[in-house]
Amino acid sequence: MTLKIHQDHSRFKQIVRGKIKANLRKYVQKGEMLGKKGKDAISIPIPFIDIPRFKYGHKEQGGVGQGEGEVGQQLGPGAVEPGDGHQAGQGEGDHALEVDVTLEELAQILGEELQLPRIERRQSERIVTQKVKYTGVNTTGPESLRHFKRTFKQALKRQIATGTYDPKMPVIIPTREDRRYRSYKLQELPDTNAVIIYMMDVSGSMGDEQKEIVRIESFWLDTWLKHQYKGLESRYIIHDAVAREVDRDTFFHTRESGGTMISSAYKLCREIIQADYPKSAWNIYPFHFSDGDNWSADDTRQCIEMLRNDILPQVNQFAYGQVESPYGSGQFIKDLREAVGDTTNVALSEIADKDAIYTSIKDFLGKGR
């Protein structure tokens with residue numbers, strides 16, 4: 001019976017996985033799904049899964065299509081008299097079933113459906129950390145590592161063997177010889193930490209719709225990179241004419257009315273990398289989102305110079321997503337394509353609307369860097 005339950009549960013998970021894959025493009029576009037995200041899982045509404053079952057008729061009936069009768073005649077107990085068709089609809093309503101899917105499983109589905117390659121980490125520059133692994137039990141050791149269960153078990157065995165144990169008064173008193181201690185050894189394990197540095201234009205031309213696109217896309221980027229790395233940090237920079245670092249909530253809900261100087265964000269990004277994330281220890285992913293409107297051609301040239309000299313040599317990949325806005329010129333991505341578009345660790349994507357998020361994720365993550 002237990003084996004059968006496990007087989008049925010496994011089969012159900014396969015069906016759910018297939019439903020999610022078949023509707024992945026729709027889920028990628030839905031922002032309300034992010035409100036149901038927990039620490040390690042997310043609730044996803046999938047089309048109702050109808051389980052086949054037998055349907056029994058009335059005992060009084062001989063079967064379908066048997067016996068005499070007229071159209072509209074009541075056929076048995078519980079049957080409903082025909083109505084005029086104006087009071088209630090006859091069609092079946094839409095059914096949905098919410099299932100909890102771990103972010104790990106969601107990342108695997110995303111990778112399979114978009115055919116994303118696994119990320120190639122910096123093999124020659126991976127740092128190593130030491131971690132404690134408990135390997136056994138010894139008769140000596142520090143008191144902080146005393147194994148209390150093993151100690152009392154040894155004392156009980158000794159008292160039984162010597163005949164001093166009284167079942168009516170089960171008092172166990174360990175001696176020095178009974179004490180047992182955990183033993184351990186240090187393991188050297190590779191540490192594969194990564195950081196995402198999100199940058200977003202919050203000037204007046206970036207409205208709520210554009211910010212919602214960035215919020216949805218950042219969820220999927222986080223999900224994939226957390227699947228690839230053991231530790232993932234996120235930093236957030238907003239900018240108009242001036243850049244500043246903020247928390248996640250402020251990042252997605254701030255709107256300014258000033259102009260746009262993209263170089264201010266790149267300067268702050270450069271400072272954060274230099275201060276906190278050395279290339280030898282971190283895998284670094286700056287993602288910048290804007291509507292492509294910049295203050296001047298001189299500021300754009302300054303951005304390109306910083307990218308070439310300071311940012312691109314330090315990061316795994318720099319990604320720029322241009323979110324279409326009725327107020328933005330859209331020029332910045334054209335300048336980036338001309339200047340650094342052929343660079344191996346640069347990914348550029350134009351995001352016209354929520355439908356384009358699906359393709360944009362592949363633009364950003366398809367290089368496997």
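Biologist: How many bridges join S8 to S9, and in which sense do they run?

Modeller: Start with the general idea. Strands of a sheet pair through backbone hydrogen bonds, either parallel or antiparallel. Two strands count as paired if DSSP finds at least two bridges between them. Strands (E, at least two residues) and helices (H or I, at least four) are DSSP runs, numbered from the N terminus. Here, S8 and S9 run parallel and are joined by 4 bridges. Ser290 stands opposite Gln322 in S9.

Biologist: What should I keep in mind about the model itself?

Modeller: It is a predicted model, where local features need pLDDT of at least 70 and side-chain atom pairs need 80 or more, while totals for chains, interfaces and linings use all residues. Residues are numbered from 1 along each chain as its sequence is written, and side-chain values use heavy atoms, without hydrogens or water.

Biologist: Which strand pairs with S8 over 7 bridges?

Modeller: That is S5, in the parallel sense. Val195 stands opposite Ile284 in S8.

Biologist: Is S8 mostly covered or uncovered?

Modeller: First the general rule. In a regular strand the side chains alternate between the two faces of the sheet. Buried means under 20% relative accessible area, exposed over 50%, and partly exposed in between (1.4 Å probe, protein chains only). S8 is mostly covered, with 8 of its 8 residues buried. Asn283, Tyr285, Phe287 and Phe289 point one way. Ile284, Pro286, His288 and Ser290 point the other way. Over the protein chain of 369 residues, 39% count as buried.

Biologist: What is the strand order of the open sheet?

Modeller: The order is S7-S6-S5-S8-S9-S10, 6 strands with mixed pairing. S7 (243-246) and S10 (346-351) stand at the edges with a single partner strand each, so one side of each has no neighbour in the sheet. The twist averages 20° from one strand to the next.

Biologist: Which strands does helix H5 lie across?

Modeller: H5 (residues 208-228) lies across S5, S6, S8, S9 and S10, at about 170° to S5. Axes are lines fitted to C-alpha atoms, for helices over the stretch in contact, and angles run from 0 to 180 degrees between N-to-C directions. Contact means heavy atoms within 4.5 Å. H9 (residues 332-340) also packs on the sheet, touching S8, S9 and S10. The direction of H9 makes about 155° with that of S10.

Biologist: How do I read a helix-helix pair?

Modeller: Two packed helices are described by the angle between their axes and the distance between the axes. The axes of H3 (residues 103-114) and H5 come within 9 Å and cross at roughly 100°. H3 and H5 are therefore roughly perpendicular. The cut-offs are 65 to 115 degrees for roughly perpendicular, under 35 for roughly parallel, over 145 for roughly antiparallel, and oblique for the rest. Contact residues include Leu103 and Leu106 of H3, and Phe219 and Trp220 of H5.

Biologist: Is Asn316 buried or exposed?

Modeller: Asn316 is buried, at 4% relative accessible area. Asn316 lies in the loop between H8 (297-311) and S9. The C-alpha atoms of Asn316 and Asn283 are separated by 6.0 Å, though 33 residues apart along the chain.
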